[in-house]
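Hi,

Please have a look at it first and then read on.

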Amino acid sequence: MKMKSKIYTFFIFLFLYAPIIVLIVYSFNDTVTGSRSVWGGFTLRWYRKLFEDRLIMEALRNSLIIAFSASFFATILGTIAAIGINSMKSLGRKIMMNVTNFPMVNPEIVTGVSMMLLFVFAVSLLNGRTLGMGTLIMAHITFCLPYVILSVLPKLRQMDPNLYEAAQDLGCSPFKSFWKVVLPQIMSGIITGATMAFTLSIDDFVISYFTSGTTQTLPIYIYSMTRKRISPEINALSTLLFAVVLILLLFANFRQKKAPSEKAAKGGEV
Amino acid sequence: MTHSIISLKNISVSYDGEQVLKGFNLDIHDGEFVTLLGPSGCGKTTVLRTIAGFVTPEAGDVFFNETKINDLPPHKRELNTIFQKYALFPHLNVYDNIAFGMRIKRKKESEVKKTVVELLELVNLSGYAHRGIAQLSGGQQQRVAIARALANEPKILLLDEPLGALDLKLRKDMQVQLKEIQQQTGITFIFVTHDQEEALSMSDTVVVMDGGEIQQIGTPIDIYNEPKNAFVADFIGESNILDGLMLEDFKVRFAGHLFPCLDKGFSKNTPVDVVIRPEDITFVPQDASHIKGEVTNVTFKGVHYEIIVDVDGFKWMIQSTAYQAIGEKIGLSILPDAIHVMEKSDYSGTFGDYSTFSDEMEEDMILEEEAELEDENEV
């Protein structure tokens, strides 16, 4: 029985990770023809080529700008929204939570197309700039927002509401009370939310595809590369992307686990 | 007594359309230990939160040293609160928690350190300065909360059922400590509790509340010996409350007989409530008393027995060190100074004999009350 379940688990993981392992292995494949089935020895050539490719570097730069600014603004907006939702009465809170959750289950293609239509409409109204970096960042903020709210809200609900009052009681203005007392309590949720937002933003393809105009992001560039010719460079690029997202996810999970014990262990200065 | 440090004038507060306080008036003198006592939901915590500034009354005024402070936000009021669940800051250690208020006021770090060390000594926690809050027991957290509040040198300390979460033994110790701290510092304490014993043993003045109104204000001894109405008599300690008729000064009729008493000043033939405390009744042979009955229940309470005696259908509670067997027929003797006569009030008839008395029921009621209290906290 035990053996069976082990074999079963093995196949599940094989099924899940085999494609990625193949991708990673072939990103180191030394081949002249660009073949993806014949192993020709180990090389780092594709990675070198990757960093020499001006277009890829530009796409990477765009992706990073978008991911940093989108996760930054989504974190601020999401935290503020979570505080607002937390202080609502139960009916209002239920409605707000459903409104918040809906974009997460809404098909991405629908979100992407609808945003494109909205932006095109807005651009024609403003009679100015076309789709590009600005619209990409706005779109990314929008779809990251619910994830930030959902990771901050539980922290707020766990917090003793008297803490905020206690800080005021000891002489803090309402804003200072939030800054000195509430924020440290929900910080782990905020960081988790920001990390989630960053990973979601950096590897988003569908919504970006519709809202990017001529701006290239990394996933869009990879997609366009596969249409021209299939190069092992893609393997290398995808491997790097995978590694970055993996590291961020591990970081987020690690933080979540660490959070409770951290409170007790952390001492202040005298 | 000196002037009033806090005056509440005609305060009205309601939550979601439900009136919690109506036309509430209270004067608190400087240096007093005042306790607001009442069952859960009576509005006592609301009074405290109104003084602290967390609740804005719909009507009425709050005065601090004769200055109106209605619109003064909580962080500008010269008073501090000790919250029911302490509300210590979990991201700071003991030292930083206590130093919090002083640092907000930008005091010198050397001064802060001196005060923190002094306060830790005052609450017997020297050596705990660098512990995390989560590493402390309930009693220790309680004392850190006291030190944190005192660090701001408040004129008034507000305490919202601060001992509610502690076990009985610790609670008694903390009662003594709090009283000592109050006497040492001379700060006005406004203490909220639903525990009548706590109120009686700690306070200079007890304010008994029910339904958003003050039922009686007085010293613990006055409140216990001279309750104003049936609610106070029932809430503070145990009472046998009977319908009576005040025939003339010093003569009251109840339980079918005429008794001499020490009360006067009622007009002739006034219907009254008569209170007799269970410990003021003594057992005599049946022939020697007008009140004869049968023992129906005996509970051992440690110091005394709690004995229920059925007299013509009215069940009396008597506390006595003398054991009586169930079924025994005995007489009850009541001396004139054991009889307390009160005017009739809205509460008359609500509290009466101990016919429904049983230990189980009492426990149920305590559990219910605790459950209610928890509900209240969640709101």
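Below is what I found, taken chain by chain.

This is a predicted model, in which local features need pLDDT of at least 70 and side-chain atom pairs count only at pLDDT 80 or more, while totals for chains, interfaces and linings use all residues. Residues are numbered from 1 along each chain as its sequence is written, and chains are lettered from A and ligands numbered from 1 in the order in which they are written.

Let me start with a helix pair in chain A. The axes of α6 (residues 133–158) and α8 (residues 174–202) of chain A come within 8 Å and cross at roughly 155°. Axes here are lines fitted to C-alpha atoms, for helices over the stretch in contact, with angles from 0 to 180 degrees between N-to-C directions. Helices (H or I, at least four residues) and strands (E, at least two) are DSSP runs, numbered from the N terminus. α6(A) and α8(A) are therefore roughly antiparallel to each other; the cut-offs are under 35 degrees for roughly parallel, over 145 for roughly antiparallel, 65 to 115 for roughly perpendicular, and oblique for the rest. Their crossing is right-handed, meaning that the near helix is turned clockwise from the far one by less than a right angle. Among the residues that meet are A:Phe143, A:Tyr147 and A:Val152 in α6(A), and A:Ile186, A:Ile190 and A:Met196 in α8(A). The residues of this contact divide into twelve nonpolar, eight polar and one charged. Contact is counted when C-beta atoms, placed from the backbone, lie within 7 Å. For the classes, Ala, Val, Leu, Ile, Met, Phe, Trp, Tyr, Cys and Pro count as nonpolar, Asp, Glu, Lys and Arg as charged, and the others, Gly among them, as polar.

Now to where the chains touch. 25 residues of chain B are in contact with 21 residues of chain A. On the chain B side, β6 (79–82) and α2 (94–104) are the elements that give two or more residues, and α2(B) gives the most, with five residues. By class, that side has twelve nonpolar, ten polar and three charged residues.

α2(B) also packs against α4 (residues 138–150) of chain B, at an angle of about 30° and with the axes 7 Å apart. That makes α2(B) roughly parallel to α4(B). The residues in this contact include B:Ile98 and B:Phe100 of α2(B) and B:Val144 of α4(B).

Chain B is divided into domain 1 (4–225) and domain 2 (230–378), with bounds that come from an automatic or database domain assignment. The two domain centres, taken over C-alpha atoms, are separated by 35 Å.

Finally, the strands of chain B. β1 (residues 4–15) and β2 (residues 18–29) pair in the antiparallel sense over eight bridges, where pairing needs at least two bridges found by DSSP. β1(B) and β2(B) form a hairpin with two residues between them, and B:Asp16 in the turn has a positive phi of about 50°. β1(B) is also joined to β4 (residues 59–64) of chain B by five bridges, again antiparallel, with B:Ile6 opposite B:Phe64.

An open sheet of five strands has the order β13-β12-β11-β14-β20 in chain B, with antiparallel pairing. Its edge strands are β13 (257–260) and β20 (339–343). Neighbouring strands are turned by 40° against each other on average, direction ignored.

Best wishes

Key: Two residues are in contact if their C-beta atoms, placed from the backbone, lie within 7 Å.
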